[in-house]
Amino acid sequence: MSEKLRKMLFYILIAANFFMVMIYEFLTPNMTDDIIYGDIVAEATSFFDLFAQEFDHYINHSGRNIAHIILRMFLYTGNKAIFNVAASIVFVLISILIYLNVFHRKKYDLRVYQAIVILMWLFDPAISNTVFWETGACNYLFTGAIMMTYITVFRIFARDDNKSGAGVIALMTILGVLSGWCNENSSGGVIFFSMLMLFYKFREKKDFKSVSPWMYAGLIGNLTGFAIMILSPGNGARAEGAEEEHTGIMAIMARFLKITLNIKDYYLVSLLVFIVIAIAIFYRTGTFSKFIDSARGMLLFGLMFLATCYALIAVPESQLRTYYGAGLFLMTGIAAGFGFMVNEGFREDLVQIIATSLVAILSIIFVLTYVEEGANLARIKREFDERDAYLAEAAKGEEMVVEAPMLRPLWESRFSMAYVSDICEDKFNWINMTYSEHYKLDYVIGVDREEWDKY
C-alpha cells in the first residue's frame, strides 16, 4: 500500500473514531452528578464564581479540582453539545497519544491505530462511567488526556535527549502539576512513571548530572500537584464516610484482594494479551537483555498498570471507573508490544496475516456492537427525554409528590450508566431525591414503565 493511501485511510480512521464517539455522546443524557453539579453551577452569577465554588469543593469534598473545574465550565455553558464535541475530541486525542507511545510503528500505521481504537472501545470495562457520562468523563477521560500528554511529551523529549532551556522546564513543570492533580491513583501512577524515567536515565549514565533539569521539573510538578490534591480537607470527610468490615492489616489484605479480583474480572483478557505479546517478544529476541531493550516501553506501561491499580490499596473504597488510568497504561503497553511484533520482531507472512486478520475481525465485531448498542442508547435517551419533559411539566402544577416511569429493562447497555442512575420505587433513594430537588418537588416515585400510561 502506498504511503499516500495509508495517510488518507489513517485520517479517515481518526475521523470515523471521532464521529462514532460523538454520536454516542449525543445519545447520552445528563444523569445523577450532572444534575447535582448543574444545579450548583446554575447559582453562579459569573464565570469567576465557578472558582469560588471549586474552592468550596476543595475544602468540603475532594481535591480533584482540575477535573471538577473542567466539569463546571462545561455545565456553565448550559449546552451539552459543547461537551459532546469536546469529549469526542479528547477521546480521539488519547488514541493518538497512545499511538505516539508506540515507538516501533510505520508512518501512518493503520493496524496499530485501529488496534488502539478497538482497545479503547471494547476493553474499557467502565466506559459508560469514564467516557459517556459528563461528570465521569471530566474526572477520567479529560484527566486521562492530561496525564497521557505529560507522559508522551516526557518520553519523546527523553528519546531525543537534547531538550533544554527555560521554556522546556516551564512546560514540563506545568504539565507535571496538572497531571499530578488529576485523581489519586492515576496521578500516583504518573509519579511512578517520572521516577522510573529518572532512575533509567541515571542508571544509563551512572551520573545524576546526566538527568536533564526538565525531568526533575516534571517530577517536582507531579509531586506538587499530587500534594495539593491529597491535602484537601474534604478528603478526610470522605474517608470518614467510608465503611469497612475489617481494620488494620486485615483491611489492607481485604483491599488487596478486592483489587486483584477486579483485575481478574475486568482486565484479565487485556492482561493475558499483554503477557502473550511479552512472551513472543522474549522468544524472538533470545536473551533477557535484548528483551528488555526491545520491550522497554511495553514493560514500563505494564508496571504502571500494576502500580496504578494497587495504589487503590490506600483508600477504603473505590469504584471500577477509578481503574481508568491504569487501563490506559495497559492499553498503551499492549499497543507498544503489538507495534514491535508486527513492524520489527516478526516479519513472517503468517504472523502478518494473523495480526491483520485479528484486527479486521475485532473491527467487524466492534462495528456490529456499535450499531446494536447505539440503538439501545437511542431508546434510553428517548425515555429520559420523555420523563424529563413530564417532570418539568408536573413541577408547574400543585401536586408535589409525582410518580414517573422507570426505564424498561430491555435496553441495558455497557455504554450507558442509565440503569444504575435510574429512579426507583423508594422516594428517599438519593437519585429520586436528586430529581425531586432539581424539579422543586417534594418526592419523585418510580413506577414500572409497563404500568405507565400518562404518555
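Start by selecting Lys440, which sits in the loop between α19 and β2 (443-447); helices (H or I, at least four residues) and strands (E, at least two) are DSSP runs, numbered from the N terminus. This is a predicted model, where local features need pLDDT of at least 70, side-chain atom pairs count only at pLDDT 80 or more, and totals for chains, interfaces and linings use all residues. Residues are numbered from 1 along each chain as its sequence is written, and side-chain values use heavy atoms, with hydrogens and water left out.

**Two residues with positive phi**

Stay with Lys440 for a moment: its phi is near 60 degrees, a positive value in a residue other than glycine. Lys440 is exposed, with 62% relative accessibility. Here buried means under 20% relative accessible area, exposed over 50%, and partly exposed in between (1.4 Å probe, protein chains only).

Now jump to Tyr108, in the loop between α5 (80-100) and α6. Tyr108 is not a glycine, yet has a positive phi of about 55 degrees. Is Tyr108 buried or exposed? With 15% relative accessibility, Tyr108 is buried.

**Aromatic rings**

Next, show the side chains of Phe, Tyr and Trp. Rings of these residues (for Trp, the six-membered ring) pair if their centres lie within 6.5 Å; planes under 30 degrees apart count as stacked, over 60 as edge-to-face and the rest as tilted. The whole structure holds 37 aromatic pairs. One of them joins Phe10 and Tyr113, a tilted pair at 5.3 Å centre to centre with 55 degrees between the planes. Phe10 belongs to helix α1 (residues 3-26) and Tyr113 to helix α6 (residues 110-122), so this pair ties together parts that are 103 residues apart in sequence. Phe10 is buried at 7% relative accessible area, and Tyr113 is buried at 0%.

For another pair, select Tyr150 and Phe154: their ring centres are 5.7 Å apart and their planes at 65 degrees, so the pair is edge-to-face. These two are four residues apart in helix α8, about one helical turn. Tyr150 is buried at 0% relative accessible area, and Phe154 is buried at 0% too.

To see a whole group of rings, select Tyr24, Phe91, Trp121, Phe132, Phe366, Tyr370 and Phe415, which form one aromatic cluster.

**Charges over a ring**

Centre the view on Phe103. A charge sits over a ring if NZ of Lys or CZ of Arg is within 6 Å of the ring centre and within 35 degrees of the ring normal. The charged end of Arg155 sits over the Phe103 ring, 4.3 Å from its centre, and that of Arg159 sits over the Phe103 ring as well, 4.1 Å from its centre.

**The second largest pocket**

Which helix gives the largest share of the lining? That is α10, with seven residues.

**Two last stops**

Select helix α2 (residues 33-41), where Asp34, Ile35, Tyr37 and Val41 are buried. Their cover includes α3 (49-60), α4 (65-77), α8 and α19 (430-438).

Finish at Asn262, found in helix α13 (residues 248-266). Asn262 is buried, with a relative accessible area of 13%. Leaving aside residues up to four places away in sequence, Asn262 touches Tyr267 and Tyr323, where contact means heavy atoms within 4.5 Å.
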